[in-house]
Amino acid sequence: MKNILIIEDDSSLCMLLTHILRKTYKVNTVTNGMDAICALVDGNYPDVIVTDMMMPSMDGLELLENLKFNGLFRDIPVVILSGMQDPFRQRRCEELGAHAFITKPFKPKSLIETIEDAIGKRKTEYYA
């Protein structure tokens, strides 16, 4: 079973994401980017990270920057969820290698398809 790390500070949305994804994936959750880095360093290595953009301590963009400049975590696909349409942040996330930038509200089926695509691309890149 593939592992998903959800980083979301809104408890209601975090519960919804967990409910949607736990049918197919093993789901771990944290509430901010700093806790995500700690979880990764502790060996909780997910197949995909789904992260909110706006969070306390370390937002999604800062998290993505930290992940992409760290050799250990650079290859983990990251799906960004954002409640704001911000072309600058979206472009910066794309430059840093985010797999996808999804604006809230989103359709659960679309999120699952995006995660499956990220897992498929990672598998293809790994075996190439």
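This is a predicted model: local features need pLDDT of at least 70, side-chain atom pairs count only at pLDDT 80 or more; totals for chains, interfaces and linings use all residues.
Reader: What is the strand order of the open sheet?

Author: Strands (E, at least two residues) and helices (H or I, at least four) are DSSP runs numbered from the N terminus, and two strands pair if DSSP finds at least two bridges between them. Here 5 strands form an open sheet in the order β2-β1-β3-β4-β5, with parallel pairing. At its edges stand β2 (26–30) and β5 (100–103), each pairing on one side only. Between β4 and β5 there are 4 bridges in the parallel sense.

Reader: Where is I80, and which residue stands opposite?

Author: I80 belongs to strand β4 and stands opposite F101 in β5.

Reader: Is I80 buried or exposed?

Author: Buried means under 20% relative accessible area, exposed over 50%, and partly exposed in between (1.4 Å probe, protein chains only). I80 counts as buried because its relative accessibility is 0%. Contact means heavy atoms within 4.5 Å; leaving out residues up to four places away in sequence, I80 touches T51, M53, G60, L64, C93, A98, A100, F101 and I102. M53 is 27 residues from I80 in sequence, yet their C-alpha atoms are 6.4 Å apart.

Reader: How many residues does the largest nonpolar core have?

Author: In soluble globular proteins, nonpolar side chains tend to be buried together. A nonpolar core is a set of buried Ala, Val, Leu, Ile, Met, Phe, Trp, Tyr and Cys residues joined through side-chain atoms within 4.5 Å. The largest one here has 21 residues, and I7, I49, I80 and C93 have the most contacts inside it. At least two residues each come from β1 (3–7), α2 (33–41), α3 (60–68) and β4 (78–82). The largest share, 4 residues, is that of α3. Apart from this core lies another, of 20 residues, including L17 and F106.

Reader: Which residues of helix α1 are buried, and which are exposed?

Author: In α1 (residues 11–21), L13, C14, L17, T18, I20 and L21 are buried. They lie on the same side of α1 because they cover an arc of only 165 degrees around the axis, taken from the directions from the helix axis to the C-beta atoms. On the other side of α1, S11, S12 and M15 are exposed.

Notes
Residues are numbered from 1 along each chain as its sequence is written. Side-chain values use heavy atoms; hydrogens and water are left out.
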